[in-house]
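Biologist: I would like to learn how to read this model. Can you take me through it, one feature at a time?

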Amino acid sequence: MSVSDKTSRCFESFLIPGLWIGLLTGFGEVAIQGIKYYLLGEFLTLSPHVAWMAPVVDALVFLILALLLALGNHALPSRITWRVAMGLLSTTMVFTWLIMFPQLHMAAAALFAAGVGVQLSRLMTRSQPGIQRMAKTGASGFSVILGVITVGMLLQARLAERRGLARLGPAEKAAPNVLLIILDTVRAMNLGLYGYPRPTTPEIEAWARSGVVFEDAFSVAPWTLPSHASMFTGKYPYQLNTDWETPLEPGPLTLAESLGRRGYSTAGFVANARYCGRETGLSRGFLHYEDYPITLGEILKSARLTDGFHSTFARRLHLPSLRPRAQADAISGNFLQWVDHRDPGRPFFVFLNYLDAHAPYQPPPAFRARFEQHPGAAIPNIEDRKPGKVNVLEKHFTPEEASASMDLYDGAIAYLDSQVGELLRSLDARGLLTNTVVVLAADHGEAFAEQGLLGHANSLYRPTVQVPLVISYPGHVPAGKRVTTPVSLRDLAATISELSGGTASDFPGSSLAQSWDGSNGPAHSPLLSHIRKLYNQPAWWPASKGAMFSLALDGLRYIKNEGDGQEELFDLATDAREQHNLAATPRGQSALPAIRQALAALRSDSAAH
């Protein structure tokens, strides 16, 4: 046998088992993820295409490892033996599976994996020819299975959408399109639309003149998932199961399901894939839904080895993020591409979620510089909890830190504003705006140290739950009207149902149309917000002490912490930042019994139904 044949045979004896073990590792990862998701109910925060992405990545990683070991064997045949190579590959396989369980210490996982790898290498060496034949057969079989899964999943989404469209019944001829735009984490008090001195929203202000602006709109929750779930179902968060690791349950009717039954083509485009992605349940009823795009970064993130390597060395090596935030222009572009290829004979219901104002605040350079007053200042960031970094887990913030954060936040809002303006112009150029109900709102706001807190999902103070709300529908919604009556986003489902030609009674709550048409329909929903108790968060955060409720009544806004029993009361009209607790004042003491009773009655009524 020639030297080249020996070399080729040597490399084959390493590479084929390497490919086999890599594919086995990848399919093992998929199996573990499936158990976590389907049996344990865990959120994976991964693309559903992980079923083929993880095996592909692991196969390539193990092929590279096997090639390096083959080269080592070629250079040092007495040290890098086939047995050593199989031991290292087997150890890596087992280690990959073990680190998918964060409860295990990394050192313990490595030690156990090494022990298993040694034993497997012994067994494999005893019957090396048989193992190599098994590896060849296994690698071929796994490769075929992987190919089928990959092609099947790539085709499935398109075929499912086509089948869904084919099953839709006819839509009413006069039915309008519906566009729901959610500006994730945008609080009302930082918008020029609501009198903020900085010009953060000139585009939205110009468009809002064509519709109704709600001066005081309140979200039902201070974070994304329960807020969206309420907007989609008309139910308050405490009436639903949604939580940090709990998706929207299948029972409640969603807007997408309701409109789909009426012949609407439905689509969602979300930047906040973590809490608006498919596994949250918010995609229910949508025929087309885009959350995790298929990118090289997403593919690498699907496998535990590559994701873990990136997480460990990203800072030191200045590696780009595997999952960069989808910016507003990309979300709008994907939507416009879809709308240009949809069935023009059907009305559409489209949900857009823009994440650009969420921490970390990273507006494009031109918008970053627009309001920045503290260049180079340390920016507290809830997304960055590394040692040595300024972060929101510390209780005290300097005015300069809060101000520097808000400068970037305002720049992000200004960028969002520009993109919303561009989107609306694009739709107008397509002749779509004249027959489209456009609803622009936010799921929740953001705190900037008004009560010593930054971010959201830690309390129910007004900066985190008062949000913008504008509704436009030419010829059906009056132009240039501003509604001063406080309203709840809980009523959006009923409102959209009615404006689109259905009935408000399809959903809990009542239509906000009575705010501008003078009708005497059911009263607006109570201004109630809720957050469940937080776990594994700083003990001083209000929501870490227990579940919280807030309710507005008779010009006052009440906040109750069920953990420590603390009650706070703020004037709804004069104390937007909620700096003056009136609970212990004569006014507060006289108002508390009625507001406590109202909250108890609401919760009791919900429990009865």
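**Reading the model**

Modeller: Start with T266, which sits in strand β4 (residues 265-270). Helices (H or I, at least four residues) and strands (E, at least two) are DSSP runs, numbered from the N terminus. This is a predicted model, so local features need pLDDT of at least 70, side-chain atom pairs count only at pLDDT 80 or more, and totals for chains, interfaces and linings use all residues. Residues are numbered from 1 along each chain as its sequence is written, and side-chain values use heavy atoms, with hydrogens and water left out.

Biologist: Is T266 buried or exposed?

Modeller: Buried means under 20% relative accessible area, exposed over 50%, partly exposed in between (1.4 Å probe, protein chains only). T266 has a relative accessible area of 1%, so T266 is buried.

Biologist: Which residues does T266 touch?

Modeller: Contact means heavy atoms within 4.5 Å. Not counting residues up to four places away in sequence, T266 touches A256, G260, G285, F286, L287, H288 and F349.

Biologist: Which backbone oxygen does the side chain of T266 reach?

Modeller: First, the term. A polar contact is a pair of N or O atoms within 3.5 Å; within protein, one must be able to donate a hydrogen and the other to accept it, and residues adjacent in sequence count only if both atoms are side-chain atoms. The T266 side chain reaches the backbone oxygen of G285 at 3.0 Å. A polar atom of that T266 side chain also lies 2.9 Å from the backbone nitrogen of L287.

Biologist: Now R346. Where is the place of R346?

Modeller: R346 is in the loop between α12 (328-341) and β6 (348-354). R346 is buried, because its relative accessible area is 16%.

Biologist: Which backbone oxygen lies 2.9 Å from a polar atom of the side chain of R346?

Modeller: That of G263. The R346 side chain also reaches the backbone oxygen of G169, at 2.8 Å. Both glycines are among the contacts of R346, as are L165, L168, P170, A171 and N177, leaving aside neighbours within four places in sequence.

Biologist: And backbone geometry?

Modeller: Most residues other than glycine have a negative phi, and most peptide bonds are trans. Here, the peptide bond from A359 to P360 is cis, with omega near 0°. P360 is found in the loop between β6 and α13 (365-371).

Biologist: What is phi of A457?

Modeller: It is near 60°, a positive value in a residue other than glycine. A457 lies in the loop between β9 (454-455) and α15 (462-465). With a relative accessible area of 7%, A457 is buried. E578 has a positive phi too, near 50°. E578 lies in the loop between β17 (567-571) and α19 (586-608). Its relative accessibility is 3%, so E578 counts as buried.

Biologist: How many helices and strands are there in the protein?

Modeller: There are 19 helices and 17 strands. Buried residues make up 54% of the 609 residues.

Biologist: What radius of gyration does the protein have?

Modeller: The radius is taken over C-alpha atoms, and the globule rule is 2.2 Å times the number of residues to the power 0.38. For 609 residues a compact globule would be near 25 Å; the protein has 28 Å, which agrees. The C-alpha trace spans about 95 × 55 × 50 Å along its principal axes.

Biologist: What share of contacts join residues at least 24 apart?

Modeller: The share is 70%, among contacts between residues at least 6 apart in sequence.
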